[in-house]
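My notes follow in the order of looking.

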Amino acid sequence: MIKLHTLKVGILTLCFSALLGACASSGDSPTGTTSEVQEIQTQLLGDMPLPAASKIVGSDSLIIGRGDSWVGRVTLSGVQTPTDIYAFFQSEYPRAGWTTVSAVKSKTSTLVFTKGDRTASVELSEGSFLGPKTIIIITSSPKNANVVAPSKK
């Protein structure tokens with residue numbers, strides 16, 4: 001028969017090990033100094049300002065091209081609250097020359113911007129307890145991409 005004290009110690013050890021494992025880095029984010037990471041993100045995403053200390057989650061992103069003409073979807077982990085990051089996008093994108101098309105603040109917030117012949121949609125959602133505070137998803141595409149309407153059958 002297992003002693004109650006031994007069982008409690010075993011459970012606590014298991015929980016502690018799980019917490020340490022959850023805190024380990026997944027290797028998705030670039031490593032290096034903050035300025036090196038920001039430079040890489042700027043090279044990839046061009047003139048799209050990003051919230052301070054946000055990092056690209058490579059396994060959830062698809063970036064085709066680079067600089068001011070990239071298309072695709074990039075997922076970032078943010079260290080600020082969704083409300084703070086929403087305010088960042090509302091203030092900083094217009095300063096960078098982007099025009100706000102729509103902005104909806106809710107549990108999952110959505111902002112849509114245009115600049116020249118490009119459109120960017122930003123989706124913000126709350127992160128997990130042990131992960132980033134905010135998950136940021138930016139989708140970039142040409143504004144006048146060929147859209148095929150569904151046909152009636």
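This is a predicted model: local features need pLDDT of at least 70, side-chain atom pairs count only at pLDDT 80 or more; totals for chains, interfaces and linings use all residues.

I take contact to mean heavy atoms within 4.5 Å. Residues are numbered from 1 along each chain as its sequence is written, and side-chain values use heavy atoms, with hydrogens and water left out.

Entry 1, contacts of one valine. I looked up Val 122 and set aside its neighbours within four places in sequence. Val 122 is then in contact with Phe 89, Ser 109, Thr 110, Leu 111, Phe 113, Ile 136, Ile 137 and Ile 138.

I use nonpolar core for a set of buried Ala, Val, Leu, Ile, Met, Phe, Trp, Tyr and Cys residues joined through side-chain atoms within 4.5 Å. Buried is under 20% relative accessible area, exposed is over 50%, and partly exposed lies in between (1.4 Å probe, protein chains only). The largest such core has 19 residues, and Phe 89, Val 122, Leu 124, Ile 136 and Ile 138 touch the most other members. At least two residues each come from β3 (71–78), α3 (82–95), β5 (109–115), β6 (118–126) and β7 (134–142). The largest share, 4 residues, is from α3. These element names are DSSP runs, numbered from the N terminus: helices are H or I with at least four residues, strands E with at least two.

Entry 3, salt bridges. My criterion is a side-chain nitrogen of Lys or Arg within 4 Å of a carboxyl oxygen of Asp or Glu. How many salt bridges does this rule give? I count 3.

Asp 47 pairs with Lys 115, the closest N and O atoms being 2.6 Å apart. Asp 47 sits in the loop between α2 (34–45) and β1 (55–56), while Lys 115 is in strand β5, 68 residues away. Asp 47 also forms a salt bridge with Arg 118, at 3.3 Å from N to O. Arg 118 is in strand β6, so this pair ties together parts 71 residues apart in sequence. I noted Lys 115 as partly exposed at 23% relative accessible area, and Arg 118 as buried at 10%.

The remaining entry is Glu 92 with Arg 95, closest N and O atoms 2.7 Å apart. Both are in helix α3, 3 residues apart, which means a separation of about one helical turn. Glu 92 is partly exposed at 24%, whereas Arg 95 is exposed at 66%.
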